[in-house]
Amino acid sequence: MADLQTPLVRRKRKKVLVDYLVQFRWILVIFVVLPFSALIYLNIYLGDMWSAMKSEKRRQKEHEENVDKVVKRLKQRNPKKDGLVCTARKPWIAVGMRNVDYKRARHFEVDLSSFRNILEIDKERMIAKVEPLVNMGQITRATCPMNLTLAVVAELDGLTVGGLINGYGIEGSSHIYGLFSDTVVAMEVVLADGRVVRATKDNEYSDLFYGMPWSQGTLGFLVSAEIKLIPTKYMRAWG
Ligand SMILES: Cc1cc2nc3c(=O)[nH]c(=O)nc-3n(C[C@H](O)[C@H](O)[C@H](O)COP(=O)(O)OP(=O)(O)OC[C@H]3O[C@@H](n4cnc5c(N)ncnc54)[C@H](O)[C@@H]3O)c2cc1C
(Lines give C-alpha, C1' and ligand atoms only; values in the text may rest on other atoms or scores of the structure.)
Protein backbone atom coordinates (compact mmCIF):
# COMPACT_ATOMS: atom_id res chain seq x y z
CA MET A 1 0.00 0.00 0.00
CA ALA A 2 1.23 3.49 -0.87
CA ASP A 3 2.83 5.49 1.89
CA LEU A 4 0.22 8.20 2.40
CA GLN A 5 2.59 10.16 4.64
CA THR A 6 5.03 10.91 1.76
CA PRO A 7 4.11 14.18 0.00
CA LEU A 8 3.38 13.90 -3.75
CA VAL A 9 5.44 16.97 -4.68
CA ARG A 10 9.08 17.44 -3.83
CA ARG A 11 9.60 19.74 -0.86
CA LYS A 12 11.16 23.11 -1.63
CA ARG A 13 14.88 22.95 -0.88
CA LYS A 14 16.62 25.65 1.05
CA LYS A 15 17.92 28.48 -1.15
CA VAL A 16 21.68 28.67 -1.57
CA LEU A 17 23.91 31.49 -2.87
CA VAL A 18 23.65 30.36 -6.51
CA ASP A 19 19.85 30.68 -6.38
CA TYR A 20 20.17 34.31 -5.31
CA LEU A 21 22.78 35.00 -8.00
CA VAL A 22 20.42 33.60 -10.65
CA GLN A 23 17.38 35.41 -9.24
CA PHE A 24 19.12 38.77 -9.18
CA ARG A 25 21.14 38.44 -12.39
CA TRP A 26 19.11 41.27 -13.85
CA ILE A 27 21.13 43.66 -11.65
CA LEU A 28 24.34 42.55 -13.39
CA VAL A 29 22.69 42.67 -16.84
CA ILE A 30 21.14 46.13 -16.45
CA PHE A 31 23.93 47.90 -14.60
CA VAL A 32 27.05 46.21 -16.02
CA VAL A 33 26.47 44.19 -19.21
CA LEU A 34 24.18 46.65 -21.03
CA PRO A 35 26.21 49.82 -20.33
CA PHE A 36 29.42 47.97 -21.24
CA SER A 37 27.89 46.72 -24.54
CA ALA A 38 26.59 50.22 -25.31
CA LEU A 39 30.10 51.62 -24.83
CA ILE A 40 31.60 49.00 -27.15
CA TYR A 41 29.01 49.76 -29.86
CA LEU A 42 29.51 53.50 -29.45
CA ASN A 43 33.23 53.01 -29.86
CA ILE A 44 32.73 50.95 -33.05
CA TYR A 45 30.24 53.50 -34.41
CA LEU A 46 32.58 56.44 -33.76
CA GLY A 47 35.39 54.48 -35.45
CA ASP A 48 33.14 53.94 -38.50
CA MET A 49 32.31 57.66 -38.61
CA TRP A 50 35.97 58.57 -38.34
CA SER A 51 36.79 56.20 -41.20
CA ALA A 52 34.02 57.72 -43.38
CA MET A 53 35.51 61.20 -42.89
CA LYS A 54 38.87 60.23 -44.38
CA SER A 55 39.55 60.86 -48.07
CA GLU A 56 39.74 57.87 -50.42
CA LYS A 57 43.42 58.64 -51.07
CA ARG A 58 44.21 58.59 -47.36
CA ARG A 59 42.35 55.31 -46.84
CA GLN A 60 44.29 53.73 -49.71
CA LYS A 61 47.61 54.99 -48.30
CA GLU A 62 46.77 53.66 -44.83
CA HIS A 63 45.82 50.34 -46.41
CA GLU A 64 49.21 49.97 -48.08
CA GLU A 65 51.01 50.89 -44.85
CA ASN A 66 48.92 48.43 -42.83
CA VAL A 67 49.53 45.59 -45.31
CA ASP A 68 53.28 46.29 -44.99
CA LYS A 69 52.95 46.03 -41.20
CA VAL A 70 51.29 42.61 -41.51
CA VAL A 71 54.03 41.40 -43.84
CA LYS A 72 56.75 42.65 -41.44
CA ARG A 73 55.02 41.04 -38.46
CA LEU A 74 54.82 37.68 -40.24
CA LYS A 75 58.52 37.87 -41.06
CA GLN A 76 59.30 38.26 -37.34
CA ARG A 77 57.85 34.85 -36.63
CA ASN A 78 60.17 32.03 -35.73
CA PRO A 79 58.24 28.85 -36.68
CA LYS A 80 60.33 26.74 -34.26
CA LYS A 81 59.59 28.94 -31.25
CA ASP A 82 56.34 30.76 -31.95
CA GLY A 83 52.97 29.04 -32.13
CA LEU A 84 50.50 29.05 -34.97
CA VAL A 85 49.55 32.36 -36.56
CA CYS A 86 46.16 33.87 -35.79
CA THR A 87 44.41 37.23 -35.66
CA ALA A 88 44.71 39.25 -32.45
CA ARG A 89 40.92 39.80 -32.42
CA LYS A 90 39.53 38.99 -28.97
CA PRO A 91 36.95 36.17 -28.91
CA TRP A 92 34.48 38.26 -26.87
CA ILE A 93 34.12 40.88 -29.60
CA ALA A 94 33.43 38.36 -32.41
CA VAL A 95 29.84 37.36 -33.25
CA GLY A 96 30.29 33.62 -33.12
CA MET A 97 30.12 30.63 -30.84
CA ARG A 98 33.20 28.78 -32.06
CA ASN A 99 35.57 27.29 -29.55
CA VAL A 100 38.62 29.57 -29.63
CA ASP A 101 40.81 27.59 -27.23
CA TYR A 102 43.66 27.89 -29.71
CA LYS A 103 43.94 31.53 -28.62
CA ARG A 104 44.81 30.32 -25.11
CA ALA A 105 47.57 28.05 -26.42
CA ARG A 106 50.94 29.34 -27.67
CA HIS A 107 50.15 31.42 -30.71
CA PHE A 108 51.54 34.24 -32.82
CA GLU A 109 49.11 37.16 -33.01
CA VAL A 110 48.84 39.50 -35.98
CA ASP A 111 46.87 42.66 -35.32
CA LEU A 112 44.38 43.47 -38.09
CA SER A 113 42.38 46.00 -36.06
CA SER A 114 43.25 48.94 -38.31
CA PHE A 115 41.75 47.26 -41.40
CA ARG A 116 38.36 48.93 -41.08
CA ASN A 117 38.12 51.27 -44.06
CA ILE A 118 35.92 51.16 -47.14
CA LEU A 119 38.57 51.62 -49.81
CA GLU A 120 36.46 52.30 -52.88
CA ILE A 121 32.92 52.13 -54.19
CA ASP A 122 33.11 51.68 -57.95
CA LYS A 123 29.70 52.50 -59.40
CA GLU A 124 30.71 51.47 -62.92
CA ARG A 125 31.98 48.01 -62.00
CA MET A 126 29.31 47.82 -59.23
CA ILE A 127 31.97 46.72 -56.76
CA ALA A 128 32.78 47.76 -53.19
CA LYS A 129 36.41 47.28 -52.18
CA VAL A 130 36.61 47.03 -48.41
CA GLU A 131 38.96 45.98 -45.62
CA PRO A 132 38.09 42.90 -43.52
CA LEU A 133 36.89 44.68 -40.38
CA VAL A 134 34.35 46.77 -42.26
CA ASN A 135 30.99 45.80 -40.82
CA MET A 136 27.52 45.49 -42.32
CA GLY A 137 26.22 48.72 -40.72
CA GLN A 138 29.17 50.71 -42.03
CA ILE A 139 28.85 49.42 -45.58
CA THR A 140 25.08 49.96 -45.64
CA ARG A 141 25.44 53.56 -44.46
CA ALA A 142 27.95 54.20 -47.26
CA THR A 143 26.13 52.51 -50.14
CA CYS A 144 22.47 53.34 -49.44
CA PRO A 145 22.73 57.06 -50.30
CA MET A 146 24.04 55.91 -53.72
CA ASN A 147 21.03 53.61 -54.15
CA LEU A 148 23.33 50.61 -53.98
CA THR A 149 23.64 47.68 -51.59
CA LEU A 150 25.61 44.50 -51.17
CA ALA A 151 23.74 41.61 -52.75
CA VAL A 152 23.81 39.72 -49.42
CA VAL A 153 23.58 41.90 -46.29
CA ALA A 154 23.91 39.80 -43.14
CA GLU A 155 21.37 41.23 -40.73
CA LEU A 156 23.54 42.01 -37.68
CA ASP A 157 25.31 45.36 -38.05
CA GLY A 158 28.40 44.14 -36.22
CA LEU A 159 29.23 41.25 -38.59
CA THR A 160 32.44 41.92 -40.46
CA VAL A 161 33.38 41.22 -44.07
CA GLY A 162 36.41 39.14 -42.94
CA GLY A 163 34.24 37.05 -40.62
CA LEU A 164 31.50 36.57 -43.21
CA ILE A 165 33.98 35.32 -45.81
CA ASN A 166 36.28 33.23 -43.59
CA GLY A 167 33.45 32.11 -41.32
CA TYR A 168 30.19 32.14 -43.16
CA GLY A 169 27.52 34.61 -44.16
CA ILE A 170 24.00 34.11 -45.38
CA GLU A 171 20.82 36.17 -45.61
CA GLY A 172 17.32 36.08 -47.15
CA SER A 173 18.63 37.28 -50.53
CA SER A 174 20.98 34.27 -50.61
CA HIS A 175 18.31 32.24 -52.41
CA ILE A 176 19.10 34.50 -55.40
CA TYR A 177 22.77 35.45 -54.95
CA GLY A 178 24.23 32.56 -52.95
CA LEU A 179 26.23 32.82 -49.73
CA PHE A 180 28.01 36.06 -48.81
CA SER A 181 31.27 34.62 -50.15
CA ASP A 182 29.60 33.92 -53.53
CA THR A 183 29.23 37.69 -54.03
CA VAL A 184 32.97 38.29 -53.61
CA VAL A 185 34.87 38.81 -56.88
CA ALA A 186 38.44 39.26 -55.60
CA MET A 187 40.40 38.87 -52.37
CA GLU A 188 43.71 40.39 -51.38
CA VAL A 189 45.47 37.93 -49.09
CA VAL A 190 48.75 37.96 -47.16
CA LEU A 191 50.16 34.42 -47.20
CA ALA A 192 52.16 32.85 -44.37
CA ASP A 193 55.48 33.62 -46.12
CA GLY A 194 54.57 37.32 -46.39
CA ARG A 195 53.56 37.35 -50.06
CA VAL A 196 50.58 39.58 -50.89
CA VAL A 197 48.39 38.13 -53.63
CA ARG A 198 45.11 39.05 -55.30
CA ALA A 199 42.97 35.98 -55.85
CA THR A 200 40.11 35.91 -58.35
CA LYS A 201 38.15 32.98 -59.75
CA ASP A 202 40.19 32.81 -62.94
CA ASN A 203 43.74 33.99 -62.14
CA GLU A 204 46.71 31.90 -60.93
CA TYR A 205 45.40 32.09 -57.33
CA SER A 206 41.96 30.75 -58.15
CA ASP A 207 42.52 27.79 -55.77
CA LEU A 208 42.97 30.31 -52.95
CA PHE A 209 39.89 32.22 -54.13
CA TYR A 210 37.76 29.09 -53.83
CA GLY A 211 39.55 27.91 -50.66
CA MET A 212 39.21 31.06 -48.52
CA PRO A 213 35.45 30.93 -47.82
CA TRP A 214 34.84 28.96 -44.59
CA SER A 215 38.61 28.47 -44.10
CA GLN A 216 38.38 30.20 -40.67
CA GLY A 217 41.56 32.11 -41.42
CA THR A 218 43.69 29.01 -41.95
CA LEU A 219 44.98 29.92 -45.43
CA GLY A 220 46.12 33.50 -44.98
CA PHE A 221 45.08 36.95 -43.81
CA LEU A 222 42.41 38.59 -45.88
CA VAL A 223 43.34 42.28 -46.11
CA SER A 224 40.72 43.45 -48.61
CA ALA A 225 37.81 42.09 -50.61
CA GLU A 226 35.99 43.28 -53.70
CA ILE A 227 32.29 42.56 -53.35
CA LYS A 228 29.41 42.77 -55.81
CA LEU A 229 26.87 45.59 -55.41
CA ILE A 230 23.32 45.68 -56.72
CA PRO A 231 20.99 48.66 -57.28
CA THR A 232 18.30 49.30 -54.71
CA LYS A 233 15.20 51.50 -54.71
CA TYR A 234 13.66 51.39 -51.27
CA MET A 235 16.36 50.84 -48.69
CA ARG A 236 17.22 53.46 -46.10
CA ALA A 237 20.11 53.31 -43.62
CA TRP A 238 19.54 54.53 -40.07
CA GLY A 239 22.16 56.05 -37.86
C1 LIG B 1 23.94 35.43 -32.50
C2 LIG B 1 24.49 35.22 -33.89
C3 LIG B 1 23.77 35.74 -34.96
C4 LIG B 1 24.24 35.57 -36.26
N5 LIG B 1 23.53 36.12 -37.28
C6 LIG B 1 23.97 35.98 -38.52
C7 LIG B 1 23.27 36.57 -39.63
O8 LIG B 1 22.27 37.25 -39.46
N9 LIG B 1 23.74 36.36 -40.87
C10 LIG B 1 24.87 35.64 -41.08
O11 LIG B 1 25.28 35.51 -42.21
N12 LIG B 1 25.58 35.09 -40.06
C13 LIG B 1 25.15 35.22 -38.80
N14 LIG B 1 25.87 34.63 -37.78
C15 LIG B 1 27.07 33.85 -38.07
C16 LIG B 1 28.26 34.80 -38.24
O17 LIG B 1 28.14 35.45 -39.47
C18 LIG B 1 29.58 34.04 -38.25
O19 LIG B 1 29.79 33.48 -36.97
C20 LIG B 1 30.73 34.96 -38.63
O21 LIG B 1 31.87 34.18 -38.92
C22 LIG B 1 31.03 35.96 -37.52
O23 LIG B 1 31.77 36.99 -38.06
P24 LIG B 1 32.64 38.02 -37.20
O25 LIG B 1 32.60 39.25 -38.01
O26 LIG B 1 32.22 38.11 -35.78
O27 LIG B 1 34.12 37.41 -37.38
P28 LIG B 1 35.06 36.50 -36.46
O29 LIG B 1 34.27 35.58 -35.59
O30 LIG B 1 36.06 37.39 -35.86
O31 LIG B 1 35.75 35.66 -37.60
C32 LIG B 1 35.21 34.47 -38.13
C33 LIG B 1 36.37 33.60 -38.65
O34 LIG B 1 37.01 34.27 -39.72
C35 LIG B 1 38.38 34.43 -39.44
N36 LIG B 1 38.77 35.76 -39.92
C37 LIG B 1 38.19 36.94 -39.64
N38 LIG B 1 38.81 37.95 -40.27
C39 LIG B 1 39.82 37.39 -40.97
C40 LIG B 1 40.82 37.91 -41.84
N41 LIG B 1 40.90 39.21 -42.10
N42 LIG B 1 41.69 37.05 -42.40
C43 LIG B 1 41.62 35.73 -42.13
N44 LIG B 1 40.70 35.18 -41.32
C45 LIG B 1 39.81 36.00 -40.75
C46 LIG B 1 38.52 34.33 -37.92
O47 LIG B 1 39.80 33.86 -37.55
C48 LIG B 1 37.44 33.32 -37.60
O49 LIG B 1 37.91 32.01 -37.78
C50 LIG B 1 25.43 34.82 -36.48
C51 LIG B 1 26.15 34.29 -35.41
C52 LIG B 1 25.68 34.49 -34.11
C53 LIG B 1 26.46 33.94 -32.96
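These legends walk through a few close-ups of a predicted model. Local features need pLDDT of at least 70 and side-chain atom pairs pLDDT 80 or more, while totals for chains, interfaces and linings use all residues. Residues are numbered from 1 along each chain as its sequence is written, and side-chain values use heavy atoms, with hydrogens and water left out.

**View 1. The annotated span, residues 53-232.** An unreviewed UniProt entry lists this stretch as "domain: FAD-binding PCMH-type"; such annotations may be inferred rather than shown by experiment.

**View 2. Two domains in the protein chain.** The domain assignment, an automatic or database one, gives domain 1 as 17-53 and domain 2 as 56-231. Their centres, taken over C-alpha atoms, are 26 Å apart.

**View 3. Where domain 1 meets domain 2.** Nine residues of domain 1 contact 10 of domain 2 (heavy atoms within 4.5 Å). Together they bury about 730 Å², with 48% of that on carbon and sulfur atoms; this is the accessible area (1.4 Å probe) lost on putting the two parts together, summed over both.

**View 4. Salt bridges between the domains.** There are two between domain 1 and domain 2, counting a Lys or Arg side-chain nitrogen within 4 Å of an Asp or Glu carboxyl oxygen. D48 pairs up with R116 in a salt bridge, with 2.9 Å between the closest N and O atoms.
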